[in-house]
Amino acid sequence: MLAGKSSRPPHPRCYSAELPVTGAWRNGDPVGNRQFFTLERPGTFVLEGGGALAEVTLAYETWGKLAVDGSNAVLICHALTGDSHVAGDAGLGHSSPGWWGEMVGPGKILDTNELFVVCINVVGGCQGSTGPSSNSPATHKPYGSAFPIVTVRDIVRSQRRLADHLGIARWLTVVGGSMGAMQALEWGIMFPDRVGSVCALAGCMAASAQQIAWSAVGRTALALDPNWNGGDYYDNPSGQGPFAGLAIARSLAQITYRTDEVFEERFGRDQYDIHSVYGLWDRFQVESYLDYHGEKLAKRFDANTYLVLNRMMDLHDIGRYRGGLAAAISRLKAPVLSLSISSDTLYPPHQQMELHDAVVAASGRCVYTVVQSPQGHDGFLLETEAVGHAITNFLEKVGDDGA
């Protein structure tokens, strides 16, 4: 090997060399609109899978004002790569605008003139809550590979502690899509007296074999990046983080979030590298799109968090240790909105219909709605008018029924 030459060939994807080692929020970074709550000590937060965290801090944001009796509180649960910044501008402390800004705010679907809206970055996350990029109290260095497995139930238990801290005895509703829908369902099952209604968007009662398969391939691609270093990469020099592996995992997921119809209409066979069509790594426009989204995520997310939360989604199964799905659903007291995106192939409509049927079979109340959209799984984020209309109608019906 020639002196000064890398033993690894250049990566074929065109990622910027200056991408950060991690896109996580770290102590000392601008806080933005985040607030923080640390579960009290002494003691540890014991996890369902057998691990434990000596200390758990949750980053969260709120909008509106909590009613004196706490009756107007709404919890929004974020999806895999989301965070607490559900609404608001990009700026100091927040690299992107709120991920559901069209839904939350004064006069919007979740009207903060009337509601007190809360969104919490989940345990295992990377935008202020305790996760792999956080410093361990034992070592004062990032947890990295030592961060334990967390489950949706762990996340909901931590959120319940924050609800207690905020003086919220019962959520008016808990809303979430995809990974957020998993949290919303677990809220209704784990704490049935503390949830007025559940809005589960593009979710499922248990991860399917195909969902697990897609996730497994994405995680493997990430872990094969040599810069991942088994999860201990935070001391790597700038530009030598596992951003290529994270970007590829994101690109794979991005394909499952959208549809052939959308890709064909937007990109077709258009080329990005118009000077040539014969180079092995010359790109079509759709490849450039995937590279862009992969790089965009690497700037604001953490590779280890992606692995931890992605695995958590695979572990989602409301029937685990409860005697099966039907027994778990029977614990629900709150009415449920089960919403599908018609073109969703990752969380297909039959899964949300199965949730509806299970709730009805348990003598519960469930409204099933299908949003007609070509946008695929991402439709729960993109089709804000139709999704908002479904949520509004459901909450009005719940109110009329006196639930």
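Because the model is predicted, local features require pLDDT of at least 70 and side-chain atom pairs count only at pLDDT 80 or more, whereas totals for chains, interfaces and linings use all residues. Residues are numbered from 1 along each chain as its sequence is written, and side-chain values use heavy atoms, with hydrogens and water left out.

Eight strands form an open sheet of mixed pairing, in the order β1-β4-β8-β5-β9-β10-β11-β12. Strands (E, at least two residues) and helices (H or I, at least four) are DSSP runs numbered from the N terminus, and two strands pair if DSSP finds at least two bridges between them. From one strand to the next, the twist averages 20°. Strand β11 (residues 336–341) runs parallel to β12 and is joined to it by six bridges. Within this pairing, Ser340 has Val370 of β12 as its bridge partner.

Helix α1 (residues 152–166) packs on the sheet and touches β1, β4 (57–63), β5 (73–77) and β8 (116–120); contact means heavy atoms within 4.5 Å. The direction of α1 makes about 55° with that of β4. Such angles run from 0 to 180 degrees between N-to-C directions, with axes fitted as lines to C-alpha atoms, for helices over the stretch in contact. Helix α11 (residues 384–400) lies across β9 (173–177), β10 (198–201), β11 and β12, and runs at about 165° to β11.

Ser373 is located in the loop between β12 (366–371) and α10 (379–382). Its relative accessibility is 4%, so Ser373 counts as buried (buried, under 20% relative accessible area; exposed, over 50%; partly exposed, in between; 1.4 Å probe, protein chains only). Apart from neighbours within four places in sequence, Ser373 contacts Ile341, Ser342, Ser343 and Glu383. With Glu383, the side chains make a polar contact at 2.6 Å. A polar contact is a pair of N or O atoms within 3.5 Å; within protein, one must be able to donate a hydrogen and the other to accept it, and residues adjacent in sequence count only if both atoms are side-chain atoms.

The structure holds eleven salt bridges, each defined as a side-chain nitrogen of Lys or Arg within 4 Å of a carboxyl oxygen of Asp or Glu. One of them joins the side chains of Arg153 and Glu48 (3.5 Å, N to O). Arg153 belongs to helix α1 and Glu48 to the loop between β2 (45–46) and β3 (52–53), so the pair ties together parts 105 residues apart in sequence. Arg153 is buried, at 9% relative accessible area, whereas Glu48 is partly exposed, at 29%.

Asp193 and Lys333 also form a salt bridge, with their closest N and O atoms 2.6 Å apart. This pair links distant parts of the chain, 140 residues apart: Asp193 is in the loop between α2 (179–190) and β10, and Lys333 in the loop between α8 (325–329) and β11. Lys333 is exposed, with a relative accessible area of 53%.

In the salt bridge between Arg311 and Asp314, the closest N and O atoms are 3.9 Å apart. Both residues lie in helix α7 (residues 303–315), three residues apart, about one turn of the helix. Arg311 is partly exposed, at 34% relative accessible area, and Asp314 is buried, at 9%. Salt bridges that share partners join Glu48, Arg153, Glu186, Arg320 and Arg322 into one network.
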